[in-house]
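Open the model in your viewer and keep the selection panel at hand. The stops below go from one selection to the next.

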Amino acid sequence: MNLTDEERALLAGEAGPARQWAIGHQIAVGRYLRAADFVPVAQAHIMADTESLGPAGVEWLEHLAALPEPDRQVRIPTITDPRGTDFAAAARLRQQDWMLDLEHRAIAAFQAMGILMTDTCINYQTIMPAVRGEHMAYGDTGVVIYSNSVLGARSNFEGGPSALAAGLTGRTPRYGYHLDEHRRASLHVAVTRTPAALHEWGTLGALVGRLAGDYWQVPVLSGIDRIPGSDELKHFGAALASYGSVALFHMVGITPESQRFADVADAALPLRATIGAAEMAAFRTGPAGDGTVDVVVFSAPQLSLFELRDLAALLDGRRVTVPLLAVTSPQVKPDADRAGLTARIEAAGGQLLSGMCFYQSYAREMAEANGWRNLATNSAKLVNILGGYGYRPVLASMEACVAAACSGRLAA
Amino acid sequence: MTVFAATAGMGERVRGRALVASDGFSARYDLDRIAGVFSRPDHALAGQSYVGRILVLDAAKGGVATAWMLHEMAARKIAPAALVLNRVNPIMVQGAALAGFTLISGFAVDITRAVANGALVEVDPGADPPVLRVLEDTA
């Protein structure tokens, strides 16, 4: 990689051991992925729940946090993805003390480095959305794909260590979606039925993700016949990134880089698949066994204020019989409180959690402690993840999930 | 001895038995990292131990957690010995860089079809180009 004088100085340790580690880590990654040089980034966003970090990762963070203050502080605005708990609800979730201890230690380390504990995966809705062309080091796949595709920003998937490194150096290796040539479409999918509900947008994202198959594919979708809302694109992108490891998509006439098909694709790009009502119906599996549901979860991504508004309306006058968990960000939660949404959800027996995400919060241990196995959700991303954690997740509409929470059964 | 050249690699040279499938890899989505087995029910390797094995798989999948989890698994010594992929995503590279983990990727052939499950293989990221050597075809 071509290094500037400043980057050589960082590598030589002239700005301390934390930045020396950071630039060395970035060079190793950049060389592997054939980056020619670095690009400055405006923000970093760190995924670092303690189930992923483990004690070894927390100790590693504490080692950096113990350095002298000038050596350990991040150089650019650096924020965090959801944590592994909502401390106020941890006892109800039957999370254990050792989990909370790890979380406290990780938070203390991040704060010592000057990192802002935003604890959200919807920062593009609530904190500071990226501007078209702005380079970022974002560390949540849903954040990356939304920012790249809907906002026209430029970020690769930056895992926790690399996002932290970007915070410390203010730059990231210039490869992948920082470069024009990687932003061209490689996969054309025609859509003959525009999804309506959020779980249907997730279904479409899952189907396109399966077709794409890896990080370097860029789908372009034609046929979407209206402008989707932010929550719809949030669920679509999150599922596409989850099922396909995809970081960028285009929608003809909708997303900013593809006002016309020719803006992002050669005319010769073949049509890979057509997705309509039949394909979307075939994706969904029915409930397991007799349809008994142990828990209903709205999460992944965290819910917007508008999603919470819809959920509260569905719960008005009803009473859940199995746990119903809705997860939002620490930024949205106070608004939900002030607007009375939290009280309406809780009046029906639901729980509104803040600053966590279900699958990032020791999902396996929560399942074992609470006897949860059959889970209903409107998040296709959550369905994709939780099978490996021992759940039998089922995708359904928000309306059907609420009905299941009240009756204890999900209709076939 | 059959040798397969890769386009990129990092980490130390390692030798071990290959665990092969034409399926993807994500530490969060696919593994029970406490038990050390593949736990995703529809993964081709579901129920099999990955500890100490050289995983030969198709593509990096899923989200960003693997960037931490390789380090976490290595610290508890419940980790694969190396990862060999047809196609990486940045997360696998970032995770390998943090953990000092052996990773190579990018082959002229589908490496999951070229290497037999259980074969004794050597992964040499420091060779130019990085290579996977099949030392013994069957377990």
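Select β9(A) and β10(A): the two strands run parallel and are joined by 4 bridges. This is a predicted model. Within the pair, pick A:Leu303, whose bridge partner in β10(A) is A:Thr328.

How many of the residues of β9(A) are buried? The strand is mostly covered, with 9 of its 9 residues buried.

Together, β9(A), α12(A) and β10(A) form a β-α-β unit that is right-handed.

Next, go to helix α17 of chain A, residues 398-407. Its buried residues are A:Met398, A:Cys401, A:Val402, A:Ala404 and A:Ala405. They lie on the same side of α17(A), because the arc they cover around the axis is only 160°. The sequence spacing can be read against a general rule: an α-helix has 3.6 residues a turn, so residues three or four places apart point the same way.

What covers the buried residues of α17(A)? Show α9 (198-212), β9 (295-303), α12 (305-315), β10 (324-328) and β12 (374-377) of chain A, which are included in that cover. Then step past the end of the helix: α17(A) is followed by A:Gly408, which has a positive phi, near 85°.

The next stop is the largest nonpolar core. Of its 180 residues, the ones that touch the most other members are A:Val296, A:Ala326, B:Ile54, B:Val56 and B:Val84. Colour helix α2 of chain A, residues 17-32, as well; the largest share of this core, 8 residues, comes from this helix. As a general matter, nonpolar side chains in soluble globular proteins tend to be buried together.

Centre the view on B:Ile54. Leaving out residues up to four places away in sequence, the residues that B:Ile54 touches include B:Val14, B:Leu19, B:Pro80, B:Val84, B:Val121 and B:Val123. B:Gly16 and B:Arg17 are also among them.

Finally, display both chains and select the contacts between them. On chain B, 32 residues are in contact with 32 residues of chain A. Which elements of chain B each supply at least two residues of that side? They are β2 (8-10), α1 (27-30), α2 (66-75) and α3 (90-99). The largest share, 7 residues, comes from α3(B). Coloured by type, the side of chain B that touches chain A divides into 18 nonpolar, 7 polar and 7 charged residues.

Definitions and conventions:
Residues numbered from 1 in each chain as written. Chains lettered and ligands numbered in written order. Predicted model: local features only at pLDDT ≥ 70, side-chain atom pairs only at ≥ 80, totals over all residues. Contact = placed C-beta atoms within 7 Å. Nonpolar A, V, L, I, M, F, W, Y, C, P; charged D, E, K, R; others polar. Buried ≥ 20, exposed ≤ 12 C-beta atoms within 10 Å, placed from the backbone. Arc of directions from axis to C-beta. Core = buried A, V, L, I, M, F, W, Y, C linked by C-beta atoms within 7 Å. Pairing = 2+ DSSP bridges. Right-handed = clockwise from strand over helix to strand, strands pointing away.
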